[in-house]
Amino acid sequence: MGGGGWISLPAELIEEVSDRLPADVDQIHIHQVCSHWRASTAPLAACRPWIVAGRDRDLWNAVGPIGDHSFWLPRGGRRIYSRATAPAGFPYCCGTPRGWLALMDHLRSPTRFILWEPLSKAEIFLPSLPNVAQVFLSGDPLNSSCWMAIASQKIPNTQIGQRLFFWRPGDAAWTMQLEWPNGRIEGAAFQQGRCYISTLNLFLDIYDLQQSPPKRLRAIYLYHPLQARHGGYGCLPGKPAPHVVACNNQLLLVMVYRGIGKHVVLAEVHSPNWAAKRLDLQEKVTDLGDYSLFLGRGDTLALSAKEFPAIRRNCVYFVEHDTIKQVEWVVVFDLGTNSLERIPHPEEQREGGSKGSCWLAYSWFCPRRPFFEEQGSREAL
């Protein structure tokens, strides 16, 4: 190391160390060591996570995919631009699972369908499947050898009906779920070889992914547990929507309630015994430690404020996608104080009111690694 200590490390070694640090906060700290370390590494262009916004002039209904997509910071209304160009001929996005993009050439009659990871530029070709609304991954294809893709397909001539399809690497085609269809899917979470799907009509479906084909083990109707918690369904604080999140080795159930005018009025987090015959939602989780939860119409995320300094701890961040603009861009509910923060739409998106006329928040995206600036370029992956 020589007489200069840490400040005399070769720039190439400092850059290699920086490339191996997965947390945004570590990248901030490495820039605070000294001027030599700052000069040897690229600064963060934008802290994670980001909002995924959709814009599609060929509107479907409330079950539609993202379509044309863009990324935005939750606060400040700044759009994030990517230097990593997606493969040509894939203009439509139908999911951003685990830092990947699910892209296809046509929504109703696709001939090409891929998973694309913008940092490594990895591509995985999937069998074509029409009318896909969302895609989820049970694991990261770059880190897991037994991952599975799950696609939800809009059922023709229904308003919110969806059917699940499953695909493992090496399969020639998608496998359709054997059970009756689902309602509008709000999100999915994975734990111990099982997939938990939450739907707008208050069902929570549990699938065993280790069976071939995957089998639905249980369909939990949340009406009765909610009724028991609040003393009757008419006593609920608003219209509920369920979400499931894997957080710090727990599987959490989050109920988001909307009041008059579709305003979010409350978020409650529960950690139920999933093996119980009937879920007990009497107890609330009020302290997530350093974690916060991110909910939308897609992947649910649990991120630590220690690693992602742009977020507040012990909060629920929520965006809701529809074919019309919601009142807020983001709602942040603090579980400790029971207070709400309503973040307005970016300035340039405050005009227009539908998915065909402006970008509407859809879900959340967290790239697999920190997001750096490059000299002479726009913010670049």
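Visitor: Let's start with Pro49. Where does it lie?

Guide: Pro49 lies in the loop between α3 (35-40) and β1 (50-55). Just so you know, this is a predicted model.

Visitor: Okay, and the peptide bond from Arg48 to Pro49, is it cis or trans?

Guide: That bond from Arg48 to Pro49 is cis, and its omega is near 0°.

Visitor: What kind of peptide bond joins Ser212 and Pro213?

Guide: Ser212 and Pro213 are joined by a cis bond, with omega about 0°. Pro213 is in the loop between β14 and β15.

Visitor: What about Gln210, which loop is that one in?

Guide: Gln210 is found between β14 (203-208) and β15 (215-221), and that loop holds Pro213 as well.

Visitor: Is Gln210 buried or exposed?

Guide: Gln210 counts as exposed, because its relative accessibility is 64% and the cut-off for exposed is over 50%.

Visitor: And what does Gln210 touch, leaving out residues up to four places away in sequence?

Guide: Gln210 touches Arg168, Gln192 and Gly193.

Visitor: How far apart are Gln210 and Gln192?

Guide: In sequence, Gln210 and Gln192 are 18 residues apart; in space they are 9.6 Å apart, going C-alpha to C-alpha.

Visitor: Tell me more about Gln192. Where does it lie, and what's its phi?

Guide: Gln192 lies in the loop between β12 and β13 (194-199). Its phi is near 50°, which is a positive value in a residue other than glycine. Gln192 is also exposed, with a relative accessible area of 75%.

Visitor: What's the phi of Asn248?

Guide: Asn248 is not a glycine, yet it has a positive phi of about 50°. You'll find Asn248 in the loop between β16 (239-247) and β17 (250-258).

Visitor: Switching to cysteines. How many disulfides does the structure hold?

Guide: Zero disulfides. Take Cys195: the nearest cysteine sulfur belongs to Cys146 and is 14 Å away, and Cys195 is in no disulfide.

Visitor: Is Cys195 buried or exposed?

Guide: Cys195 counts as buried, since its relative accessibility is 1% and buried means under 20%.

Visitor: And for Cys358, which cysteine has the nearest sulfur?

Guide: For Cys358 that's Cys93, with its sulfur 17 Å away, and Cys358 is in no disulfide. Cys358 counts as buried too, at 2% relative accessibility.

Visitor: How does the lining of the largest pocket split by class?

Guide: The pocket lining has 13 nonpolar residues, seven polar and five charged.

Visitor: Which elements give two or more residues to the lining of the largest cavity?

Guide: Those are β8 (132-137), β20 (298-299) and β25 (360-365). By class, the cavity lining divides into seven nonpolar, five polar and two charged residues.

Visitor: Let's zoom out. How many helices and strands does the protein have?

Guide: There are four helices and 25 strands.

Visitor: And how does its radius of gyration compare with that of a compact globule?

Guide: They agree: the protein has 21 Å, and a compact globule with 381 residues would have a value near 21 Å. The C-alpha trace spans about 70 × 50 × 45 Å along its principal axes.

Visitor: What percentage of the 381 residues is buried?

Guide: Buried residues make up 56%.

Visitor: Last one. Among contacts between residues at least 6 apart in sequence, what share joins residues at least 24 apart?

Guide: Of those contacts, 52% join residues at least 24 apart.

Methods:
Residues are numbered from 1 along each chain as its sequence is written. This is a predicted model: local features need pLDDT of at least 70, side-chain atom pairs count only at pLDDT 80 or more; totals for chains, interfaces and linings use all residues. Side-chain values use heavy atoms; hydrogens and water are left out. Ala, Val, Leu, Ile, Met, Phe, Trp, Tyr, Cys and Pro count as nonpolar, Asp, Glu, Lys and Arg as charged, and the others, Gly among them, as polar. A disulfide is a pair of cysteine sulfur atoms within 2.5 Å. Buried means under 20% relative accessible area, exposed over 50%, partly exposed in between (1.4 Å probe, protein chains only). The radius of gyration is taken over C-alpha atoms; the globule rule is 2.2 Å times the number of residues to the power 0.38. Contact means heavy atoms within 4.5 Å.
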